[in-house]
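Student: Could you take me through one part of this model up close? I'd like the cut-offs spelled out as you go.

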Amino acid sequence: MAEPDRPVPHRPGAVSLFFVAKAGVFALGFWIWLLVLAAQGDPAEGLHLIAATGAVCTTLVGVVLGARMALQRNAAARHAELKRLLVDISWNAFAAAGNSDEPAKVVPFPSPSPDSERSTNRGPGERISVLDRGDRNRGERRR
């Protein structure tokens, strides 16, 4: 049986890639500017400091944005795989429940037993608080 064509999972990163590329272009410009200033042989001045600061900052910004983009893509791939697994599990459970001849092959959905401790003043749809339910013996020991 052939694997059905599944849609490609959402891959974030078009905007992130733009900013990574933009930071890379600015970093390249600052590094070239710093290289030109250093090649002129002039003593270090304010322009050298501005070019060096811009080169380092834009390089760091590009690296941080690139790492963030890679993490987002990895998380999107893991999320898509998890969704695919959940769909496969639910489909297999549905198919097993529909194809089973014996009720012992299917794990039943947990339901309360008919003789469970239920207060008479609550309806069947009302919830029991954590403080109300508990061990009967423990409640008797407190009294």
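Tutor: Here is a look at the first helix, with the rest of the chain as its setting.

First, the ground rules: this is a predicted model, so local features need pLDDT of at least 70 and side-chain atom pairs count only at pLDDT 80 or more, while totals for chains, interfaces and linings use all residues. Residues are numbered from 1 along each chain as its sequence is written, and side-chain values use heavy atoms, with hydrogens and water left out.

The protein chain has three helices and zero strands, where helices are DSSP runs of H or I with at least four residues, strands are runs of E with at least two, and numbering starts from the N terminus. H1 covers residues 14-39, which makes 26 residues. From first C-alpha to last it reaches 37 Å, close to the 38 Å expected; that expected span is 1.5 Å times one less than the number of residues. After H1 comes glycine 41, with a positive phi near 80°.

Now, what's tucked away? The buried residues of H1 are Ser16, Val20, Ala23, Ala27, Leu34 and Leu37. Buried means under 20% relative accessible area, exposed means over 50%, and partly exposed is in between, using a 1.4 Å probe and protein chains only. Across the protein chain, buried residues make up 13% of the 143 residues.

On to the rings. Rings of Phe, Tyr and Trp (its six-membered ring) pair if their centres lie within 6.5 Å; planes under 30 degrees apart count as stacked, over 60 as edge-to-face and the rest as tilted. That rule gives two aromatic pairs. Phenylalanine 18 and phenylalanine 19 have ring centres 5.2 Å apart and planes at 70°, so this pair is edge-to-face. Phenylalanine 19 is partly exposed, at 42% relative accessible area. The other pair, phenylalanine 30 with tryptophan 33, is tilted, at 6.2 Å centre to centre and 40° between the planes. Both of these residues lie in H1, three residues apart, or about one turn of the helix. An α-helix has 3.6 residues a turn, so residues three or four places apart point the same way. Phenylalanine 30 counts as partly exposed because its relative accessibility is 22%, and tryptophan 33 does too, at 31%.
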